[in-house]
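Work through the exercises below with the model open. Each task is followed by a worked solution.

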Amino acid sequence: MYAIEVQNLSFSYKGNPVLKDVSFKVDKGDFVGVIGPNGSGKSTLVKLLLNILTPEKGQMKILGEDVNKFSEWSKVGYVSQKANSFNGDFPATVKEIVGINLLAHTGIFKRKPADYDERVYAALKNVGMQDYQNKLIGKLSGGQQQRVFIARVLISEPEIMFLDEPTVGIDAKSEEALHCLLARLNEQLGITVVMVTHDITAITAHANKLVCLGEEGLVVHDVGDAVTDEFLTKIYGHSVKIHNHDCLNCEHMERLKVLSK
Ligand SMILES: Nc1ncnc2c1ncn2[C@@H]1O[C@H](COP(=O)(O)OP(=O)(O)O)[C@@H](O)[C@H]1O
Ligand SMILES: [Mg+2]
């Protein structure tokens with residue numbers, strides 16, 4: 001069974017075609033980078049897969065089930081671009097933000113399950129934020145807030161995680177750390193990661209598959225094959241240089257070595 005199967009998918013906004021007859025498959029355990037220029041349809045593709053938008057044509061399956069019949073959405077996590085936009089006074093702690101999905105499961109009384117503290121702690125530990133439980137979310141940096149939002153998704157033990165440009169507005173060092181964190185979650189927890197990103201250098205260091213939207217329509221590329229300047233120029237319509245990505249702070253160098261062989 002595939003994590004994601006897309007067949008002959010087309011979508012338009014009021015007659016403006018965005019995706020035209022695209023097909024691709026994502027294996028369980030893949031780390032997929034979704035790249036392409038602004039306006040190429042990356043966010044639209046994610047929204048279609050999350051059943052937020054309805055396709056014009058084609059079929060999409062998540063974990064073997066048609067997206068429009070799929071019901072186990074707790075197995076599918078989503079971290080959006082705008083998650084890190086809380087102001088300093090937003091009245092919720094890190095612990096409350098991360099635990100909120102546990103409360104939703106216990107009905108209108110919003111009782112905490114017996115293992116609430118334990119599960120919140122474990123999720124935060126997975127993203128290295130366990131020491132920030134009682135801090136207000138708005139007091140954290142953009143990069144730290146995104147880690148908290150990843151922990152909030154992790155608490156439901158997802159099989160697939162979608163992230164739509166989660167590093168927009170955060171500094172380069174936190175951005176690199178976030179890519180490394182996702183590579184570790186992918187490797188250690190086996191979570192299928194689908195990440196829209198503008199950071200081609202980082203994503204080619206961590207992902208094993210690229211879904212590229214652009215001039216050529218949709219092209220799927222194994223990162224094992226060299227991602228050449230020529231290929232990227234085709235996708236973006238202009239030259240895009242990859243610089244060296246040593247990922248010095250990455251806890252997960254083994255995987256990178258395998259990928260760069
Ligand atoms: N809600 C909408 N209504 C109409 N057009 C939209 C809407 N959202 C996006 N678009 C258009 O669809 C195209 C793809 O958008 P999007 O999926 O957001 O691209 P990306 O995420 O790659 O930047 C763009 O041309 C954009 O202007
Ligand atoms: Mg977008």
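A polar contact is a pair of N or O atoms within 3.5 Å; within protein, one must be able to donate a hydrogen and the other to accept it, and residues adjacent in sequence count only if both atoms are side-chain atoms. This is a predicted model: local features need pLDDT of at least 70, side-chain atom pairs count only at pLDDT 80 or more, and totals for chains, interfaces and linings use all residues. Residues are numbered from 1 along each chain as its sequence is written, chains are lettered from A and ligands numbered from 1 in the order in which they are written, and side-chain values use heavy atoms, with hydrogens and water left out.

**Exercise 1.** Find the polar contacts of ligand 1 with Gly 39, Ser 43 and Tyr 13.

Solution. Start with Gly 39: one of its backbone N or O atoms is 2.8 Å from an oxygen atom of ligand 1. Next, take Ser 43, where a polar side-chain atom lies 2.9 Å from a ligand oxygen atom. Then turn to Tyr 13: an N or O atom in its side chain is 3.5 Å from a nitrogen atom of ligand 1. On its own, ligand 1 has 560 Å² of accessible area (Shrake-Rupley method, 1.4 Å probe). The protein covers 56% of it.

**Exercise 2.** Describe the shell around ligand 1 by residue class.

Solution. List the neighbours, counted as near if a heavy atom lies within 4 Å. They include Val 18, Pro 37, Lys 42 and Thr 44. Sort by class: three are nonpolar, six polar and one charged. Here Gly counts as polar, and Tyr, Val and Pro as nonpolar. Which helix gives the most to this shell? Helix H1, residues 42–49, does, with three residues. Helices are DSSP runs (H or I) of at least four residues, strands (E) of at least two.
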